[in-house]
Amino acid sequence: MWRVLLVEDQAIVRQGLKVILEQDEKINVSHEAENGEEAIAILEKHMVDFIMMDVRMPVMNGIEATRKIKQQWPNIKILILTTFNDEEYAVEALKEGANGFLLKTSESKQLIEAVYSCMKGGMTIHDEVAAKVMPRLLHRAKSESAKDVPFLPREFAITKLIGEGRTNKEIAKELHLSVGTVKNHLTQILQKTGLRDRTQLAIYAVKHDIADG
């Protein structure tokens with residue numbers, strides 16, 4: 001049986017969630033808290049498997065609580081359940097390690113399915129939220145990866161052209177450089193990226209959207 005901690009500042013909402021979740025024989029709401037600080041105090045004395053947590057709460061909100069709980073108890077699954085279809089909340093919660101993000105408009109069956117999904121290592125994101133958040137997360141992941149390499153402007157331009165399949169001679173003509181200078185830049189680029197050869201660099205450029213400009 002999974003031990004569940006409900007973190008929600010409104011008692012009537014906690015009671016409703018408890019009734020819904022305990023319809024499933026594998027779920028036991030063992031503890032309740034009114035805010036993130038209370039939740040952490042409970043975790044210091046009692047172990048749970050799963051936390052269903054609101055975002056906006058007094059004393060300590062759900063985002064901060066998720067960060068602190070995941071730092072100390074990384075194996076506990078956390079599902080954020082909120083009224084607000086706000087992509088900032090969703091991005092921040094997922095960044096801090098939340099295992100899912102649902103809106104309080106979800107059906108009872110969906111809440112229980114989300115618990116199962118999180119406990120099995122999956123991630124549940126409300127459809128309306130996912131439509132806003134996923135493109136942003138994917139874009140951020142690509143951008144941050146590309147930013148990790150400190151390309152000089154000329155190196156970035158050469159990487160872009162290699163990603164487009166250009167030869168050294170074609171790159172030299174495009175950028176008004178000698179072929180020897182292009183080769184020297186290529187050597188520096190490979191050292192910075194840790195890649196083995198020009199083929200790997202071309203794949204890198206495409207993967208990180210550098211080749212698309």
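**Figure 1. The buried pair of phenylalanine 151 and tyrosine 204 in the predicted model.** In this predicted model, phenylalanine 151 and tyrosine 204 are both buried. Phenylalanine 151 has a relative accessible area of 15%, under the 20% limit, and is therefore classed as buried. The structure contains three aromatic pairs. Phenylalanine 156 is partly exposed, with a relative accessible area of 35%. Phenylalanine 151 and tyrosine 204 also pair edge-to-face, at 6.4 Å centre to centre and with 70° between the planes. Phenylalanine 151 is located in the loop between helix H6 (127-147) and helix H7 (153-163), whereas tyrosine 204 belongs to helix H10 (residues 198-207), so their pair ties together parts that are 53 residues apart in sequence.

**Figure 2. The largest nonpolar core.** The largest nonpolar core comprises 29 residues, and the residues with the most contacts inside it are Leu5, Val7, Leu43, Ile51, Met53, Ile69 and Ile80. Among the elements that give two or more residues to this core are four strands, namely E1 (2-7), E3 (50-53), E4 (77-82) and E5 (100-103). Helices H2 (36-43), H3 (62-72), H4 (87-95) and H6 likewise give two or more residues to this core. H2 supplies the largest share, four residues. A second, separate core of 18 residues includes Val29, Leu79, Leu102 and Leu111.

**Figure 3. Surroundings of isoleucine 80.** Which residues does isoleucine 80 touch, not counting residues up to four places away in sequence? The contacts are with Met53, Val55, Gly62, Thr66, Ala93, Ala98, Gly100, Phe101 and Leu102. Ile80 and Met53 are both listed among the residues with the most contacts inside the largest nonpolar core. Leu102, by contrast, is included in the second, separate core.

Figure 4. In helix H1 (residues 11-21), the buried residues are Arg14, Leu17, Ile20 and Leu21. Seen down the axis of H1, these buried residues fall within an arc of 125° and so line one face of the helix. Ile12, Gln15 and Val19, on the other side of H1, are exposed. The packing partners of the buried residues of H1 are E1, strand E2 (27-33), E3, E4 and helix H5 (108-119).

Figure 5. Ala90, Val91, Ala93 and Leu94 are buried in H4. Seen down the axis of H4, its buried residues fall within an arc of 165°, so one face of the helix is lined by them. Glycine 97 follows H4 and has a positive phi, near 110°. Glutamate 96 is placed in the loop between H4 and E5. Is glutamate 96 buried or exposed? With a relative accessible area of 18%, glutamate 96 lies under the 20% limit and therefore counts as buried. Apart from residues up to four places away in sequence, glutamate 96 touches Ile63, Thr66, Arg67 and Lys70.

**Figure 6. Two loop residues with positive phi.** Valine 59, a residue other than glycine, has a positive phi, near 70°. This valine 59 is found in the loop between E3 and H3. Valine 59 has 61% relative accessibility, over the 50% limit, and therefore counts as exposed. Histidine 176 is also a residue other than glycine with a positive phi, here near 60°. The loop between helix H8 (168-175) and helix H9 (179-193) holds histidine 176. Histidine 176 counts as exposed, at 71% relative accessibility.

**Figure 7. The chain as the setting of these views.** The chain has ten helices and six strands. The radius of gyration of the chain is 24 Å, whereas a compact globule of 213 residues would have a value near 17 Å. The C-alpha trace spans about 75 × 30 × 30 Å along its principal axes. Buried residues account for 43% of the 213 residues. Of the contacts between residues at least 6 apart in sequence, 62% join residues at least 24 apart. The chain exposes about 11500 Å², of which carbon and sulfur atoms supply 51%.

Terms used:
Residues numbered from 1 in each chain as written. Predicted model: local features only at pLDDT ≥ 70, side-chain atom pairs only at ≥ 80, totals over all residues. Heavy atoms only, no water. Phe/Tyr/Trp six-rings, centres within 6.5 Å; stacked < 30°, edge-to-face > 60°. Buried < 20%, exposed > 50% of the residue type's maximum accessible area, 1.4 Å probe, protein only. Core = buried A, V, L, I, M, F, W, Y, C linked by side-chain atoms within 4.5 Å. Contact = heavy atoms within 4.5 Å. Rg over C-alpha atoms; globule rule 2.2 N^0.38 Å. Areas by Shrake-Rupley, 256 points an atom, 1.4 Å probe, with all protein chains shown as cover. Arc of directions from axis to C-beta.
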